[in-house]
Amino acid sequence: MRIATLVGAVAVLGLACSPALAEKNSNRVESKGTPAKAWALIGDFCGIKTWHPAIASCELSEKDGAKIRTLTTKDGAKFVEKLVKWDDKDTSYTYAILESPLPIENYVSTLKVEEDDEPGKIAITWSSTFDPKGVSGDAARKAVADIYLAGLLQLKAKLKGK
């Protein structure tokens with residue numbers, strides 16, 4: 001009986017550590033416009049400094065052949081992010097956070113612009129997977145969702161104003 005309990009405990013522990021249980025977050029905003037117009041606004045990998053209200057600056061560098069951006073927020077926090085994939089045709093890019101003050105690790109995110117089902121409208125989706133670090137999954141998801149929402153709402157406002 002003790003062996004069965006031990007095996008069960010190991011199985012539960014294995015599931016708890018499984019990448020399949022990583023937290024997911026996805027926020028989406030719809031707006032009038034075209035994917036090309038939205039993609040032009042989002043800009044290059046450092047373009048986030050022109051539309052996210054929390055970002056004060058962005059510095060590009062390179063490490064081992066990969067593009068790295070260091071974001072500084074208006075309150076002085078630093079985020080170091082690595083470009084994983086850039087796709088102009090698909091109007092999306094994927095990046096990983098290497099360092100940040102967020103309570104997360106193993107973070108990978110995609111920002112994507114696409115045509116909506118309704119003509120003349122687009123959808124911008126910001127999604128990610130990550131593991132909470134030192135906090136509950138709910139707290140980690142809220143931290144990420146708050147950042148996404150602020151950026152997506154600012155993108156929508158800028159698209160509306162153009």
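By class, 15 nonpolar, two polar and four charged residues line the largest pocket, where Ala, Val, Leu, Ile, Met, Phe, Trp, Tyr, Cys and Pro count as nonpolar, Asp, Glu, Lys and Arg as charged, and the others, Gly among them, as polar. The model is predicted, so local features need pLDDT of at least 70 and side-chain atom pairs count only at pLDDT 80 or more, while totals for chains, interfaces and linings use all residues. Residues are numbered from 1 along each chain as its sequence is written, and side-chain values use heavy atoms, with hydrogens and water left out.

A pocket is an open set of points on a 1 Å grid over the protein atoms alone, reached by a 1.4 Å probe, with protein on both sides within 12 Å along at least five of seven lines, and its lining residues have an atom within 4 Å of a point. Of the 21 lining residues, His-52, Ile-55, Phe-79, Leu-102 and Ile-147 lie nearest the centre of the largest pocket. The elements that give two or more residues to this lining are tabulated below.

| Element | Residues |
|---|---|
| strand E3 | 66-73 |
| strand E4 | 78-87 |
| strand E5 | 92-99 |
| helix H3 | 137-161 |

Helices (H or I, at least four residues) and strands (E, at least two) are DSSP runs, numbered from the N terminus. H3 gives the most to the lining, with five residues.

In helix H2 (residues 35-42), Pro-35, Ala-38, Trp-39, Leu-41 and Ile-42 are buried, that is, under 20% relative accessible area with a 1.4 Å probe and protein chains only, exposed being over 50%. Ala-36 and Ala-40, on the other side of H2, are exposed. Just after H2, Gly-43 has a positive phi of about 75°.
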